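Visitor: I have a model open and would like to learn how to read a few of its features. Can we take them one by one?

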Amino acid sequence: MSEAYDVVIVGGGAAGLSGALVLARARRRIAVVRGGAPRNAPAEHMHGFLSRDGMPPAELLASGAAEVAGYGAELIDDIVIDAERGGESDYTLRLGGGTLRARRVLVATGLRDELPELPGVRERWGLDVLHCPYCHGYEVRDQPIGVLGGPEPGARARAVHLALLLPQWSDDVVFFPNTMPLSADDRAHLDARRVRVVEGSVARLAVDDRLRGVELADGRAVPRTAMFVAPSFRANDAVLHALNCAFDDGGWVVTDVTGRTSVPGVWAAGNVANPAAQVISAAGAGSTAAIAINGDLVLADAMAVVR
């Protein structure tokens, strides 16, 4: 397989498929390389997406893929293993099953959540062990909720922020710092929000067919039916690195408001560029990038004729 396209989209999640829909309707020749499991695959439902609230994530992607294919886009179930730029409108992407060439590239490969290495977390991830109150808070409203602190600096700040948010959904929120130090300001803010702090090292989450509670190393057990954790976010950005895109001090790709990277002809959209993007905002970012890409191609074609 060695094909040339106007645009190759790497990633078949909400951002990638939304970009593909716009470009396919603009009558561009595009391919979507959609290998890899979506970040929200463990979740039973997604929320906050107008008109799609409560839909299983896989159902959204299946519906989106069918729409995109209906406009003539090519869907490729493979993974990009390398990419290089040969010129301003010449990109080569090597897949496990062949090679694609494109005039423009949209990278929408998302991110992965690195979870605390604690028994019970991975088993219940996306079910009753959660990370986003805007995605799942309503579903666990009025339940006994726990929040787990983490050792990484960025995750520590997010954990405290989660604990401060969650009293909007429940008046029974317990923060477990675990090995995480709490500042005097942290404690004052948690107290102001009536979040109880339970000190001590956490040994495991007690789970069977569902979450039962938190077990501490000293033998104490605190019943909880929902737990929020702050994972570390790691972008799936190997393609962006291969294309020599610029990254900021935090390790995230640098883009403008349309998703354009520092490399001409390369855009990034969704969680690969913005770890805070939810499904609906990732879809919007993919659409915005696609409109910018089409405009860029139109200008390039016009300039070529003028020359």
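Visitor: Is Asp 142 buried or exposed?
Guide: Buried means under 20% relative accessible area, exposed over 50%, and partly exposed in between (1.4 Å probe, protein chains only). Asp 142 has 65% relative accessibility, so Asp 142 counts as exposed. Keep in mind that this is a predicted model, where local features need pLDDT of at least 70, side-chain atom pairs count only at pLDDT 80 or more, and totals for chains, interfaces and linings use all residues. Residues are numbered from 1 along each chain as its sequence is written, and side-chain values use heavy atoms, with hydrogens and water left out.

Visitor: Where is Asp 142 found?
Guide: Look in the loop between α3 (133-136) and β9 (145-148). Helices (H or I, at least four residues) and strands (E, at least two) are DSSP runs, numbered from the N terminus.

Visitor: What about phi?
Guide: Most residues other than glycine have a negative phi. Asp 142 has a positive value, near 65 degrees. Ser 51 is positive too, with phi near 80 degrees.

Visitor: Where does Ser 51 lie, and is Ser 51 buried or exposed?
Guide: Ser 51 sits in the loop between β2 (30-33) and α2. With a relative accessible area of 60%, Ser 51 is exposed.

Visitor: Which element gives the most to the lining of the second largest pocket?
Guide: That is α2, with six residues. The lining as a whole divides into nine nonpolar (Ala, Val, Leu, Ile, Met, Phe, Trp, Tyr, Cys and Pro), two charged (Asp, Glu, Lys and Arg) and five polar residues (the others, Gly among them). A pocket is an open set of points on a 1 Å grid over the protein atoms alone, where a 1.4 Å probe fits, with protein on both sides within 12 Å along at least five of seven lines; lining residues have an atom within 4 Å of a point.
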